[in-house]
Amino acid sequence: MTSPQRSLAFAVLLASLFFCCSVQDAHAIPAFARKYGLRCSACHVAWPVLNDFGWRFKDNGYQLMNDRDAPIWQNPSYFPITLRITPNWHRENTNKVAVDIGPPDPVTGISPQGETSITQHGFDHSGLDILTGGTLEKNLSFLLVPSAIETGEFHFESVWVRLDNLFKSPWLNVKFGKFELDNFLSEKRILNLSANGGSYQLYHFIPVGDSNMFGQIGDNQLGLEWLGHSFNDHTRFSAAVISSSDGSPDLVNANTYTGFFSASQAFDLGGLGLQRVGGYAMIGQAPTYSLTSQGVPVPGSSLGNESFHREGVFGDFYISRLDVAFYYQHGSDDAHFGTATPANVPLPDGARAPTWNGFFVEPHFTVNPQLVLFHRSEWVRMSQQALPGTPSDLGDIDNYSFGFRWYPIMTSRAGFAFHSEYSWLRQRGMSPVTATDLTNNSVFFGFDFDF
Amino acid sequence: MRTKLLRWSLFLGAAAMLALLGVSSAQVTQQQQEGEMGVESHIGKLTGRASAAKTNYRRYCVGCHGEKGDGNGENAPWIDPKPRDFTLATFKCRSTPTGTLPTDEDLFNTIGRGLDNSNMPQWLPLSKQNRADMVAYVKHFSPRWKTEKPGTPIQVPHEPEVSADRIKAGLQLFQKMECWKCHGPEGHGDGPSAPTLTDSKDRPIPPYDFTEGHRFKCGQTDEDLYKIFMTGLDGTPMPSFADNLNPEQAWDLVFYLRTLQPMHTKEKDIAKQLGLKPIEPNAPATPPADK
């Protein structure tokens with residue numbers, strides 16, 4: 001067999017496998033699917049992205065609001081646990097990495113630095129999520145997610161209990177613990193898995209030189225949330241008060257709090273389905289320094305609180321099999337954060353509050369419940385730098401990703417997806433030596449599974 | 001040589017015939033499917049189309065009701081009661097007389113409301129159009145919709161004011177109609193016939209336990225309860241009492257059944273004031289006053 005013949009034969013084999021498998025029977029948190037006997041597609045546009053039915057289920061405290069919600073009705077052998085991990089192959093390229101380009105200076109011992117492009121690729125695996133959640137009793141729900149990074153180090157991603165439907169009203173649900181903020185476009189249920197596409201830049205944006213890490217909407221936070229929704233979940237709102245600790249335990253930054261508010265309304269546009277628009281705001285304060293003892297910060301002595309805020313709008317629109325989500329954010333930090341200056345120290349001349357605007361649009365095209373194509377374009381633009389004279393575009397971000405997920409099986413017992421994705425990220429003026437644009441791109445193929 | 005040629009000709013001819021037969025039968029099946037996909041539903045001003053619900057059925061319903069709508073989805077072995085077999089077009093929740101097809105609105109309401117005491121959830125987050133389309137899709141599974149029209153919905157007269165007399169009359173009807181034989185003297189669903197009950201597919205089925213349920217299989221209002229025993233739950237042992245009860249008596253029974261439920265009801269308050277005791281199964285029934 002000649003080389004072109006082998007290539008053709010391989011292509012035919014791949015195509016045959018694809019078509020054979022894609023005509024198999026369609027068949028997600030499988031712990032919930034197992035409990036209720038519903039396929040993952042019932043609650044997910046494509047898992048893990050929730051559809052409207054899934055949102056109602058979540059907003060009701062992981063309950064379908066029927067007589068089978070309480071665990072007492074489950075078979076005693078049922079245990080509400082799901083594990084998720086993704087073995088993968090990926091390729092990462094960074095266009096400008098600082099490298100030594102000569103021998104060390106005999107006086108300073110420092111080598112001259114240059115920049116070079118570095119590409120790495122190979123087989124790998126993701127971190128592990130252990131998701132255990134559900135109901136302890138009717139209208140008493142919980143979620144516990146011990147999560148490990150790739151090297152096996154564990155932390156608690158989510159730890160909460162929720163009192164659902166207090167006074168028999170869907171408008172009164174109170175959650176307590178560490179939880180994901182009520183982001184309708186949830187980063188925890190994002191389709192992307194690649195290094196540059198696997199998070200929303202806007203949910204973690206910190207301007208260059210800024211010291212405020214407490215305004216990260218995408219990070220799970222410690223606090224208390226009140227969520228209310230209409231019976232059909234078309235109208236929903238939430239208000240949360242959280243510790244300004246970015247979810248870190250042990251009273252890091254004790255005594256400071258942040259508020260997060262979100263509200264949305266869905267409109268039934270007949271055959272097009274439900275279209276949702278909403279708004280959100282995060283308003284908080286966090287310390288800029290703490291007392292020290294022998295130069296070591298004294299726990300619990302955080303001082304010099306300064307403020308920050310994020311606000312914006314979002315939407316999720318369905319046009320037949322195409323759904324398009326968009327998200328806008330305006331953000332600002334106090335000048336002390338912006339210049340990393342403790343509040344008890346005078347600000348540098350001309351220092352001002354850094355502000356930015358960002359937007360992303362994320363279309364998904366659901367070919368069928370077992371195949372989804374996805375894309376995201378995201379842009380973050382600084383509108384005011386903290387220090388005059390800083391290049392106006394320093395830290396601006398452009399991020400694009402494309403991919404597809406194919407779910408060869410879809411049952412109410414487990415989830416399995418072949419994931420393919422390319423993503424590209426550019427940060428203006430962020431290269432380590434020449435302060436020019438830093439670009440990263442990722443190619444990712446993986447088998448995402450949970451059970 | 002000639003024999004070889006003849007054999008090849010025969011073989012190719014037979015293969016061509018088989019291929020032709022295959023193509024024609026595939027065409028017939030496709031035409032049939034396309035025809036069935038043309039099924040519509042009409043709910044108010046909404047027109048539902050089966051063809052528009054194919055993907056949603058695969059997304060939401062197929063796990064229980066199965067690709068063929070026969071109730072044999074992958075979850076069917078594990079859930080109780082079993083998923084509805086749409087190919088039989090026999091439905092519990094109807095506004096139409098027993099034995100007849102339900103209206104499109106009946107199916108639409110069932111999809112939105114869900115079915116208590118079963119795995120069927122409320123599909124309210126689906127848009128009304130999506131639900132109307134799904135009604136048409138459910139209908140496309142059974143040929144009955146081609147040959148029969150839905151029954152005429154029963155008339156539900158205006159609900160009278162509840163009174164002590166009505167509740168007492170309802171209790172007597174509970175005894176006389178032998179509701180207790182399945183539902184038990186106190187409504188626990190533990191009557192003497194309870195262990196023997198089976199559905200239309202010969203599978204065991206427990207009677208409704210009034211003392212546990214806030215909602216009924218087909219709704220939670222007095223009117224819903226009225227409809228349940230005046231239309232029956234087709235496919236189950238629960239018959240229609242339309243021929244045995246007049247509307248006034250049916251309302252009396254509704255009021256009495258409300259006294260058995262676990263939540264606070266005004267009927268329960270009245271029963272308490274009356275000191276109403278559960279029926280004595282073996283006591284002779286006192287005929288309720290004619291109305």
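Modeller: A residue is buried if 20 or more other C-beta atoms lie within 10 Å of its own, exposed if 12 or fewer, and partly exposed in between, with C-beta atoms placed from the backbone. By that count, 40% of the 291 residues of chain B are buried. This is a predicted model, where local features need pLDDT of at least 70, side-chain atom pairs count only at pLDDT 80 or more, and totals for chains, interfaces and linings use all residues. Residues are numbered from 1 along each chain as its sequence is written, while chains are lettered from A and ligands numbered from 1 in the order in which they are written.

Colleague: How many helices and strands are there in chain B?

Modeller: Helices (H or I, at least four residues) and strands (E, at least two) are DSSP runs, numbered from the N terminus. Chain B has 10 helices and 2 strands.

Colleague: Which residues of helix α10 of chain B are buried?

Modeller: First the general idea: an α-helix has 3.6 residues a turn, so residues three or four places apart point the same way. In α10(B), residues 266–274, the buried ones are Glu267(B), Ile270(B) and Ala271(B). These lie on the same side of α10(B) because they cover an arc of only 100° around the axis, the arc being that of the directions from the helix axis to the C-beta atoms. Lys266(B), Asp269(B), Lys272(B) and Gln273(B), on the other side, are exposed.

Colleague: What covers the buried residues of α10(B)?

Modeller: Two residues are in contact if their C-beta atoms, placed from the backbone, lie within 7 Å. The cover includes α6 (164–176) and α9 (247–260) of chain B.

Colleague: At what angle do α6(B) and α9(B) pack?

Modeller: Axes are lines fitted to C-alpha atoms, for helices over the stretch in contact, and angles run from 0 to 180 degrees between N-to-C directions. Here the angle is about 90°, and the axes are 7 Å apart. That makes α6(B) roughly perpendicular to α9(B), a label for angles of 65 to 115 degrees. Among the residues that meet are Leu171(B) and Phe174(B) in α6(B), and Trp251(B) and Tyr256(B) in α9(B).

Colleague: And in chain A, which strands does β12(A) pair with?

Modeller: Two strands pair if DSSP finds at least two bridges between them. Strand β12 (residues 257–268) of chain A runs antiparallel to β11(A), joined by 9 bridges, and pairs with β13(A) in the antiparallel sense over 11 bridges. β12(A) and β13(A) form a hairpin with 5 residues between them.

Notes:
Angles under 35 degrees count as roughly parallel, over 145 as roughly antiparallel, 65 to 115 as roughly perpendicular and the rest as oblique.
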